[in-house]
Amino acid sequence: MFDFIRGFVRKKDPEYCVIDVGGVGFRIYTSILSSGAVAEGKEVTFYTYLSVKEDDLSLFGFVTEDELCAFRLLISVN
């Protein structure tokens with residue numbers, strides 16, 4: 001659904017970042033590597049994966065497309 005999200009980092013945590021896109025804050029769960037690569041107040045692009053479950057929508061994102069590809073491989077393993 002979302003290929004990438006570009007906006008300003010409003011909050012940074014080791015597990016997620018909040019990205020402000022036109023006044024809407026997207027919580028994007030990420031890796032320590034991607035979280036460490038961004039700075040609060042700076043513009044960033046996250047390549048994303050939307051996880052849809054019966055009772056949950058979670059948005060995962062990474063600063064490189066390679067990291068997103070590795071994530072997709074990991075979640076495809078049973």
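Colleague: Which elements do the buried residues of helix 2 pack against?

Modeller: In this predicted model, the buried residues of helix 2 pack against helix 1 (32-36), strand 4 (43-53) and strand 5 (56-62).

Colleague: And what are the buried residues of helix 2?

Modeller: Helix 2 covers residues 65-75, and its buried residues are E67, L68 and F71. They share one side of helix 2, because the arc they cover around the axis is only 100 degrees.

Colleague: Why do residues three or four places apart in an α-helix point the same way?

Modeller: An α-helix has 3.6 residues a turn, so residues with a spacing of three or four places point the same way.

Colleague: Good, that helps. Which exposed residues does the face turned away from the buried side of helix 2 carry?

Modeller: That face of helix 2 carries D66 and L73. Take L73 as a worked case: exposed means over 50% relative accessible area, and L73 has 60%, so L73 counts as exposed.

Colleague: Let's turn to a loop. Where is D13 found?

Modeller: D13 sits in the loop between strand 1 (4-12) and strand 2 (16-21). Its relative accessible area is 24%, so D13 is partly exposed. D13 and S35 are 22 residues apart in sequence, and their C-alpha atoms are 7.0 Å apart in space.

Colleague: Now for the whole chain. How many helices and strands does the protein have?

Modeller: There are two helices and five strands. Along the sequence, they follow the pattern β-β-β-α-β-β-α.

Colleague: What radius of gyration does the protein have, and what would a compact globule have?

Modeller: A compact globule with 78 residues would have a radius of gyration near 12 Å; the protein has 12 Å, which agrees. Along the principal axes, the C-alpha atoms fill a box of roughly 40 × 25 × 20 Å.

Colleague: What share of the residues count as buried?

Modeller: Of the 78 residues, 32% count as buried. As for the surface, the protein exposes about 5300 Å², and carbon and sulfur atoms supply 54% of that area.

Colleague: What share of the contacts with a separation of 6 or more comes from residues 24 or more positions apart?

Modeller: Such residues account for 44% of those contacts.

Colleague: One last thing: how far apart are the mean positions of the positive and negative charges?

Modeller: The protein has 8 positive and 12 negative charges, and their mean positions are 6 Å apart.

Terms used. Residues numbered from 1 in each chain as written. Predicted model: local features only at pLDDT ≥ 70, side-chain atom pairs only at ≥ 80, totals over all residues. Heavy atoms only, no water. Helix = DSSP H or I, 4+ residues; strand = E, 2+ residues; numbered from the N terminus. Rg over C-alpha atoms; globule rule 2.2 N^0.38 Å. Buried < 20%, exposed > 50% of the residue type's maximum accessible area, 1.4 Å probe, protein only. Contact = heavy atoms within 4.5 Å. Areas by Shrake-Rupley, 256 points an atom, 1.4 Å probe, with all protein chains shown as cover. Lys, Arg positive; Asp, Glu negative; His and termini not counted. Charge placed at Lys NZ, Arg CZ, Asp CG, Glu CD. Arc of directions from axis to C-beta.
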